[in-house]
Amino acid sequence: MSNQSLAENVNELNQLILQGQVLEAFEKFYDQEVVMQDNEADLRIGKDVCRSYEEAFVNGLTAFRGAAVKQVMISDNLAVVEWDFDYTHKDWGDRKYTQLAVQRWNDEGKIVNEKFYYNT
């Protein structure tokens with residue numbers, strides 16, 4: 001995938017997330033064999049397992065005060081997105097933090113690996 005195509009996909013993904021369409025973005029841009037991880041937590045392997053985690057996150061939100069993309073870096077099927085988040089979750093309480101999402105994309109325009117780095 002060219003860097004330009006990757007940048008377009010990353011931008012569309014980010015815009016969907018910013019519009020609150022997290023699950024729609026997940027369906028469109030994540031590969032069936034995706035592997036996801038938060039910091040050093042256990043790997044989530046496969047789209048079905050990862051979807052369940054995403055659904056639990058979205059369904060657990062009790063207040064969403066904002067999200068912003070601070071920086072995007074694109075190179076050779078790799079994207080790094082720096083996010084600021086501010087929300088309340090029923091299981092985690094008030095959260096306000098910066099997160100790096102490191103995404104590896106395949107040539108078909110799908111994320112095959114994503115790792116999130118943030119302070120808890």
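A: Let's begin with G93. Leaving out residues up to four places away in sequence, G93 touches Y87 and T88. Keep in mind that this is a predicted model.

Q: Where does G93 sit?
A: G93 is part of strand 5.

Q: Is G93 buried, exposed or partly exposed?
A: Its relative accessibility is 27%, so G93 counts as partly exposed. The cut-offs are under 20% for buried and over 50% for exposed.

Q: What about Q99? Where is that?
A: Q99 is in strand 5, which covers residues 93-105.

Q: Buried or exposed?
A: Q99 has 8% relative accessibility, so it counts as buried.

Q: Now strand 4. What can you say about V80 there?
A: V80 lies in strand 4. V80 is buried, because its relative accessible area is 15%. Beyond its neighbours within four places in sequence, V80 contacts Q71, V72, M73, L100, A101 and V102.

Q: How far is V80 from V10?
A: The two are 70 residues apart in sequence. In space, V80 and V10 are 9.3 Å apart, C-alpha to C-alpha.

Q: Switching to helices. How do you describe two that pack together?
A: You give the angle between their axes and the distance between the axes.

Q: OK, what are the values for helix 1 and helix 2?
A: Helix 1 is residues 3-18 and helix 2 is residues 22-29. Their axes come within 7 Å and cross at roughly 155°.

Q: Parallel or antiparallel, then?
A: Roughly antiparallel, because the angle is over 145 degrees. The crossing of helix 1 and helix 2 is right-handed.

Q: Which residues meet there?
A: From helix 1, N9, E12, L13, L16 and I17. From helix 2, V22, A25, K28 and F29. By class, this contact has six nonpolar, one polar and two charged residues.

Q: How do helix 2 and helix 3 cross?
A: Their axes come within 10 Å and cross at roughly 165°. Helix 2 and helix 3 are therefore roughly antiparallel to each other. Helix 2 passes helix 3 in a right-handed crossing.

Q: Who makes that contact?
A: Helix 2 brings V22, L23, F26 and E27. Helix 3 brings K47, C50, R51, E54, E55 and V58. The residues of the contact between helix 2 and helix 3 divide into five nonpolar, no polar and five charged.

Q: What span should helix 3 have?
A: Helix 3 has 14 residues, 47-60, so at 1.5 Å a residue it should span 20 Å. Its end C-alpha atoms are 20 Å apart, which agrees.

Q: Which residues of helix 3 are buried?
A: K47, C50, E54, F57 and G60 are buried in helix 3.

Q: What covers them?
A: The cover includes helix 2 and strand 1 (30-38). It also includes strand 2 (44-45), strand 3 (61-75) and strand 4 (78-89).

Q: And Y53, where is that?
A: Y53 is in helix 3. With a relative accessible area of 32%, Y53 is partly exposed. Leaving aside neighbours within four places in sequence, Y53 contacts D38, R44 and W92. The C-alpha atoms of Y53 and M36 are separated by 9.9 Å.

Q: Last topic, the loops. What is the phi of N39?
A: N39 has a positive phi of about 45°, although it is not a glycine. Most residues other than glycine have a negative phi.

Q: Which loop holds N39?
A: The loop between strand 1 and strand 2. At 21% relative accessibility, N39 counts as partly exposed.

Q: What about the phi of D76?
A: D76 is not a glycine, and its phi is positive, about 50°. D76 lies in the loop between strand 3 and strand 4. D76 is exposed, with a relative accessible area of 64%.

Terms used: Residues numbered from 1 in each chain as written. Predicted model: local features only at pLDDT ≥ 70, side-chain atom pairs only at ≥ 80, totals over all residues. Heavy atoms only, no water. Axes fitted to C-alpha atoms, helices over the stretch in contact; angles between N-to-C directions. Helix = DSSP H or I, 4+ residues; strand = E, 2+ residues; numbered from the N terminus. Parallel < 35°, antiparallel > 145°, perpendicular 65-115°, else oblique. Left-handed = near helix turned anticlockwise from the far one by under 90°. Contact = heavy atoms within 4.5 Å. Nonpolar A, V, L, I, M, F, W, Y, C, P; charged D, E, K, R; others polar. Expected span 1.5 Å × (residues − 1). Buried < 20%, exposed > 50% of the residue type's maximum accessible area, 1.4 Å probe, protein only.
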